[in-house]
Amino acid sequence: MAERKLLEGIRILDCASWIAGPAAATIAADFGAEVIKIEPPVSGDSYRNKYSETYYAPHGCYDYPWFVDSRNKASLTLNLKSDQGQTIFEKLVRTADVVITNMPLKARKRLRLTYEDVKAIKEDIIYASLTPFGEKGPYSQDKAFDTTSFWARSGLMDLLRGRNDRPRSGLPGQGDHPTAMALFGGIMLALYDRERTGEGRMVSTSLLHNGIWANALAVQGGSTLEWFEGPSWDAGVVRFVKNAQYITRDERIVTFDMVDSEDEMCRLFDLLGIRERVVGHPSYKAYSKASPVVYKDESELISVVQGAISKWNQKDLLEAARESGITLVWINKIGDVKNDPQVVANRMMPDLDKDVFGVDKIVDSPLFLSGAKKEIHSPAPALGQHTQRILASIGYTEDAITELREQGVI
């Protein structure tokens with residue numbers, strides 16, 4: 001069966017900025033949707049050219065954050081504050097299936113970009129709204145990024161610390177990208193429902209709600225268990241053998257993920273040749289059938305395991321662990337991720353034509369469908385790169401476009 005673009009023929013107006021809203025459009029573009037990114041003239045999306053300001057990722061000669069989240073899109077510069085800009089926007093909405101925005105709610109009212117405004121132009125439009133804290137409530141009008149809404153308000157930040165430490169933040173964008181997946185899913189549900197009913201609708205999600213969903217187990221526990229007040233451990237102290245990190249002889253870091261502790265731990269001790277040393281250790285009873293889960297300080301036992309693992313090279317240890325049915329993985333450094341055999345085999349970072357894209361790989365969106373064509377067909381656009389073509393497609397002449405540009409409308 002020949003692959004086909006599942007979203008071919010769907011037009012999306014990306015009226016969002018930064019990551020979470022626009023990335024939902026990026027996923028749709030990967031599957032064939034036409035995405036028109038609407039940006040302010042001159043300045044564009046403020047997410048552009050932020051690579052030099054990131055403190056957590058390498059500085060480089062190309063704008064890789066913009067490259068990842070804006071590929072496969074066309075850029076249209078448009079001043080929505082002007083009457084002529086509003087006229088152009090209305091014409092585009094009439095040709096569109098989806099409008100995505102994460103503008104602050106007050107700004108949407110000023111720019112006539114609320115759901116009611118857009119629905120009045122096209123009744124069956126799918127309107128995708130992303131907010132920091134939700135559409136209602138005392139903080140619904142506030143601005144925020146994922147650090148403050150996804151991480152801080154959800155309680156996640158409070159859990160990323162030791163008992164006596166201050167809360168720690170995740171890295172920028174870590175909350176945005178999963179939130180984009182949620183927004184994309186909502187858009188697809190709305191499009192599916194429109195196929196059946198002919199009706200459009202508003203889709204909404206928030207960074208806060210996605211943070212709570214990511215942190216659902218702890219939030220649920222904290223809402224019902226009065227004693228649950230946050231971390232009960234000390235930062236930097238790993239107390240359990242089965243989830244500690246160990247350094248191999250070739251100075252790579254490995255870790256375990258053991259659910260069936262009793263069987264796997266016994267196999268691990270046999271593999272490392274330390275069964276006799278640990279069988280009498282006080283912590284060993286944590287892995288007996290009589291008491292399969294006993295949370296104790298296993299620091300001494302961790303030292304014994306570390307001593308044994310330090311005699312192994314990473315590759316040999318991984319192969320031996322797999323043969324013994326032990327769940328052992330290595331911890332990648334960021335520069336190693338693109339060459340991870342699972343990343344390569346599953347096209348998580350597909351190859352690109354460097355002459356066209358400027359780089360040879362890109363992070364792909366984490367979703368595949370059998371028989372669906374998914375491709376990275378164009379690099380992230382320059383500001384206003386496709387303005388001429390898009391306006392011509394809705395009836396503007398070359399002279400009219402020149403006049404609009406001189407007036408600062410585009």
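The following questions and answers walk through a predicted model.

Visitor: How many helices and strands are there in the protein?
Guide: This is a predicted model in which local features need pLDDT of at least 70, side-chain atom pairs count only at pLDDT 80 or more, and totals for chains, interfaces and linings use all residues. Residues are numbered from 1 along each chain as its sequence is written, and side-chain values use heavy atoms, with hydrogens and water left out. Helices (H or I, at least four residues) and strands (E, at least two) are DSSP runs, numbered from the N terminus. The protein has 18 helices and 9 strands.

Visitor: What percentage of the residues is buried?
Guide: Buried means under 20% relative accessible area, exposed over 50%, and partly exposed in between (1.4 Å probe, protein chains only). The protein has 410 residues, and the buried part is 45%.

Visitor: Which residue in E3 is the bridge partner of Ile 38?
Guide: Strands E2 and E3 run parallel and are joined by 5 bridges. Two strands pair if DSSP finds at least two bridges between them. Within E3, Ile 38 has as its bridge partner Leu 76.

Visitor: Is Thr 77 buried or exposed?
Guide: Thr 77 lies in strand E3, residues 73-77. From E3, Lys 73, Ser 75 and Thr 77 point one way, Ala 74 and Leu 76 the other way, and all are buried. Contact means heavy atoms within 4.5 Å; leaving aside neighbours within four places in sequence, Thr 77 has contacts that include Glu 39, Pro 40, Leu 383 and Ile 410. With a relative accessibility of 8%, Thr 77 is buried.

Visitor: What is the volume of the second largest pocket?
Guide: On a 1 Å grid over the protein atoms alone, a cavity is a set of points where a 1.4 Å probe fits but cannot get out, and a pocket is an open set with protein on both sides within 12 Å along at least five of seven lines; lining residues have an atom within 4 Å of a point. Grid points are joined across faces, edges and corners, and a volume is the space filled by probe spheres set on the points. For the second largest pocket that gives about 790 Å³.

Visitor: How many charged residues are in the lining of the second largest pocket?
Guide: The lining holds 34 residues, and those closest to the pocket centre are Ala 16, Ser 17, Asn 102, Met 103 and Pro 104. Strand E2 (34-39), helix H4 (105-110) and strand E5 (126-131) each supply at least two lining residues. Ala, Val, Leu, Ile, Met, Phe, Trp, Tyr, Cys and Pro count as nonpolar, Asp, Glu, Lys and Arg as charged, and the others, Gly among them, as polar. The lining has 19 nonpolar residues, 7 polar, and the charged ones number 8.

Visitor: Where is Val 42, and is Val 42 buried or exposed?
Guide: Val 42 is not a glycine, yet has a positive phi of about 75 degrees. Val 42 sits in the loop between E2 and helix H2 (64-70). Its relative accessibility is 82%, so Val 42 is exposed.

Visitor: How far apart are the C-alpha atoms of Met 157 and Thr 147?
Guide: Met 157 is in helix H7, residues 156-159. Met 157 is buried, because its relative accessible area is 16%. Not counting residues up to four places away in sequence, Met 157 touches residues including Thr 147 and Trp 151. Met 157 and Thr 147 are 10 residues apart along the chain, and their C-alpha atoms are separated by 8.7 Å.
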